[in-house]
Amino acid sequence: MLTHTTTRVLEPSDLGAALAILESEPVANAFVTSRVQVAGLDPWRLGGEMWGWYADGRLRSLCYAGANLVPICAGPEAVRAFADRARRAGRRCSSIVGPAEPTALLWRLLEPGWGPAREVRANQPLMVTESPSAEIAPDPLVRRIRKDETEILMPACVAMFTEEVGISPLAGDGGLLYQARVAELIGAGRSFARIDDGKVVFKAEIGAATTQACQIQGVWVAPEHRGKGLSETGMAAVLRYALADVAPIVSLYVNDYNAPARKAYWRVGFRETGTFMSVLF
């Protein structure tokens, strides 16, 4: 029996069906779900298109196509359909990111036309926790950042991004979009740091948040303070805020080669439950 499939850009009227798919995997989809819950499916507000893959008239898979290309609940057939659409549209994203298996297939299909990538991070453990470890006491000096402290926090954010991604977020538009994102997280009460003598010692953000799950990002310790356990006590503090105020499940993903960070997250209470992959352009 042949299955009729089709792919199209979703419209605002498709919101309910799209959310049903996104919320079926609340941890893995937290980043895109949080955007859709706030902005809906209007491309202007969402910052990109949401592609839907249909089988026999039913929406089965999604792909967010904005600054990131993100396959969502996508099997091989859906991934191939999304790759076809992406090839026709041309590369507009700065990265492809998502669960490792569909992301790897998507990249294999797109690499001949889009490659080479600047970097491929094929194994990024997805870590999750519902409760903090009693082993690590939260740093009492880690707190929410105020709006009037944005200028103090920004150099640390730029340093973290440059160190992690390999390029400065100030390139291109002079950092306007990045600064707006940092300000957005501060305004939402999802930016945390320890500031000693006017300088950021530790920082992290809750970058994506839904009622089901949230995702910590941007974890950074000032180089002169590394090796002192501040990543553990700082993360324990952010985790306490996240579980109390944001969502019952907290996640993050980390590069497999970053052994110190993985060890620190394990000690704080995270466990590895899956694998993400990122392709950076």
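**Stop 1: the β3–β4 pair**

Select strand β3 (residues 58-65) together with β4: four bridges join the two, which run antiparallel. Strands here are DSSP runs of E, at least two residues long, and helices are runs of H or I with at least four, all numbered from the N terminus. Two strands pair if DSSP finds at least two bridges between them. Zoom in on Ala-65, whose bridge partner in β4 is Leu-69. β3 and β4 make a hairpin, with two residues between them.

This is a predicted model: local features need pLDDT of at least 70, side-chain atom pairs count only at pLDDT 80 or more, and totals for chains, interfaces and linings use all residues. Residues are numbered from 1 along each chain as its sequence is written, and side-chain values use heavy atoms, with hydrogens and water left out.

**Stop 2: inside β4**

Five of the five residues of strand β4 are buried, so the strand is largely enclosed by the rest of the structure. Buried means under 20% relative accessible area, exposed means over 50%, and partly exposed lies in between (1.4 Å probe, protein chains only). Show the side chains. Asn-68, Val-70 and Ile-72 point one way from β4, while Leu-69 and Pro-71 point the other way.

**Stop 3: across to β5**

Asn-68 has Ser-95 as its bridge partner in β5. Follow the chain from β4 through helix α4 (residues 76-89) to β5: this β-α-β crossover is right-handed. The test: with the strands pointing away from the viewer, the path from the first strand over the helix to the second runs clockwise.

Stay on α4 and pick Pro-76, which lies in this helix. Pro-76 is partly exposed, at 47% relative accessible area.

**Stop 4: charged pairs**

Side chains of opposite charge can pair when their charged atoms come close. The structure holds 17 salt bridges. Each is a side-chain nitrogen of Lys or Arg within 4 Å of a carboxyl oxygen of Asp or Glu.

Select Arg-143, Arg-146, Asp-148 and Glu-149. A network of salt bridges links these four. Within it, Glu-149 pairs with Arg-143, the closest N and O atoms being 2.6 Å apart. Glu-149 counts as buried, at 5% relative accessibility. Arg-143 counts as partly exposed, at 28%.

Next, select Glu-163 and Arg-226. Their salt bridge has its closest N and O atoms 3.0 Å apart. The pair links distant parts of the chain, 63 residues apart: Glu-163 is in helix α6 (residues 150-165), and Arg-226 is in the loop between β10 (214-221) and α9 (230-245). Arg-226 is partly exposed, with a relative accessible area of 38%.

Then go to Glu-205 and Lys-203. Their side chains meet in a salt bridge at 2.8 Å, N to O. Glu-205 and Lys-203 are both buried.

**Stop 5: Thr-210**

Finish in the loop between β9 (199-209) and β10, the place of Thr-210. Thr-210 is buried, with a relative accessible area of 7%. Its side chain reaches the backbone nitrogen of Gln-212 at 3.1 Å. Show what Thr-210 touches (heavy atoms within 4.5 Å). Not counting residues up to four places away in sequence, Thr-210 touches Ala-30, Thr-33, Ser-34, Gln-37, Val-246 and Ala-247.

Note on methods
Polar contact = N/O pair within 3.5 Å; in protein donor to acceptor, adjacent residues only side chain to side chain.
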